[in-house]
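Student: Hi! Could you walk me through this structure, one topic at a time?
Tutor: Happy to. Here it is.
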Amino acid sequence: LAQVLANDDKVDSYYVDEVHFPLNQTSARHWTIPDQPADDLLYNRRPVNDVKLSAIAMCDLKGFVAVQIYLNDIRSEDFLFFMQQALSSVPRKNKVTVLADNASWHRAANISSAKAIKYLHFNAPGLFLSNAIENSFSFVRSAFRKRPLVSSLEEEAHLLVNIFYDPDNE
C-alpha cells in the first residue's frame with residue numbers, strides 16, 4: 001500500500017475482495033413514508049427466497065480488471081481459481097501486488113501453498129477501508145439495486161457484470 005501511495009511506477013497494485021448481491025433487492029418498485037421527502041424511498045423486495053449472487057472482483061485505482069460471479073458462497077478453491085486467472089490477465093511489466101482482507105479463504109492452506117500467495121498482501125485487521133475496492137463495491141451495490149427486472153439468473157449475472165465494467169463507473 002505504501003508503494004501505491006508513493007506512486008511507485010515500478011509497482012502495479014490491485015485490490016481484491018468478495019461481495020454479495022441479494023437478488024430480492026431492487027428499486028424498480030418503491031414507496032415513501034408519509035411526511036417523508038419524495039426522494040427518500042423505501043425499496044421493496046423481489047419474490048426470491050434468499051437467493052444471492054456472489055462476486056470476486058479485482059480492481060486497480062482506475063477500474064475493475066477481473067470479476068467472477070458465483071451463485072454460491074465463495075470458497076478457497078474459488079478464490080484460488082480467480083486469483084490464478086486474474087493474475088494471468090494483468091500486464092507483467094512491473095511488480096504486481098494484490099491487497100486482500102483477512103477472510104479465512106484468503107489464508108487457506110491451498111492458497112498459502114499456491115504461487116498466487118507471493119502476490120497477496122493482507123490488510124491489518126480493522127483496516128478494510130484501506131482497500132480501494134470497498135468504495136467501488138458500494139457504488140456497484142447501489143447500481144445493482146436500480147437494475148431492471150429480468151427473468152433469469154443468467155440475466156441477473158449479465159447485468160451485474162455490465163455494472164462492474166461500465167466505462168461510466170471508473
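Student: Phenylalanine 21 and phenylalanine 144: buried or exposed?
Tutor: Phenylalanine 21 is buried, and phenylalanine 144 is buried too. Buried means under 20% relative accessible area, exposed means over 50%, and partly exposed is in between (1.4 Å probe, protein chains only). Keep in mind that this is a predicted model, where local features need pLDDT of at least 70 and side-chain atom pairs count only at pLDDT 80 or more, while totals for chains, interfaces and linings use all residues. Residues are numbered from 1 along each chain as its sequence is written, and side-chain values use heavy atoms, leaving out hydrogens and water.

Student: How many aromatic pairs does the structure hold?
Tutor: There are 5 aromatic pairs. Rings of Phe, Tyr and Trp (its six-membered ring) pair if their centres lie within 6.5 Å; planes under 30 degrees apart count as stacked, over 60 as edge-to-face and the rest as tilted.

Student: And why is the pair of phenylalanine 21 and phenylalanine 144 edge-to-face?
Tutor: Their ring centres are 5.1 Å apart and their planes stand at 65 degrees, so the pair is edge-to-face. Phenylalanine 21 sits in strand S1 and phenylalanine 144 in helix H4, so this pair ties together parts 123 residues apart in sequence. Helices (H or I, at least four residues) and strands (E, at least two) are DSSP runs, numbered from the N terminus.

Student: What about phenylalanine 137 and phenylalanine 164?
Tutor: They also form an edge-to-face pair, 6.5 Å centre to centre with 85 degrees between the planes. Phe21, Phe64, Phe137, Phe144 and Phe164 form one aromatic cluster.

Student: New topic: in what order do the strands of the sheet come?
Tutor: The open sheet has 5 strands in the order S5-S4-S1-S6-S7, with mixed pairing. Two strands pair if DSSP finds at least two bridges between them.

Student: Which strands stand at the edges?
Tutor: S5 and strand S7 (120-122) do; each has a single partner strand, so one side of each is left without a neighbour in the sheet. S1 and S6 run parallel and are joined by 5 bridges; serine 13 has threonine 97 in S6 as its bridge partner.

Student: Which strands does H4 touch?
Tutor: Helix H4 (residues 133-145) packs on the sheet against S1, S4 and S5, and its direction makes about 35 degrees with that of S1. Contact means heavy atoms within 4.5 Å. Axes are lines fitted to C-alpha atoms, for helices over the stretch in contact, and angles run from 0 to 180 degrees between N-to-C directions. Helix H5 (residues 153-165) lies across S1, S4 and S5, at about 165 degrees to S5.

Student: Switching to charges, how many salt bridges are there?
Tutor: The count is 4 salt bridges, each being a side-chain nitrogen of Lys or Arg within 4 Å of a carboxyl oxygen of Asp or Glu. One joins arginine 75 to glutamate 77 (3.9 Å, N to O), and another joins arginine 75 to aspartate 78 (3.3 Å, N to O).

Student: Aspartate 78: buried or exposed?
Tutor: Aspartate 78 counts as buried at 10% relative accessibility. Shared partners join Arg75, Glu77 and Asp78 into one salt-bridge network. Arginine 75 is partly exposed, with a relative accessible area of 48%.

Student: Which residue forms a salt bridge with glutamate 156?
Tutor: Arginine 147 does, with the closest N and O atoms 2.6 Å apart. Both glutamate 156 and arginine 147 are buried.
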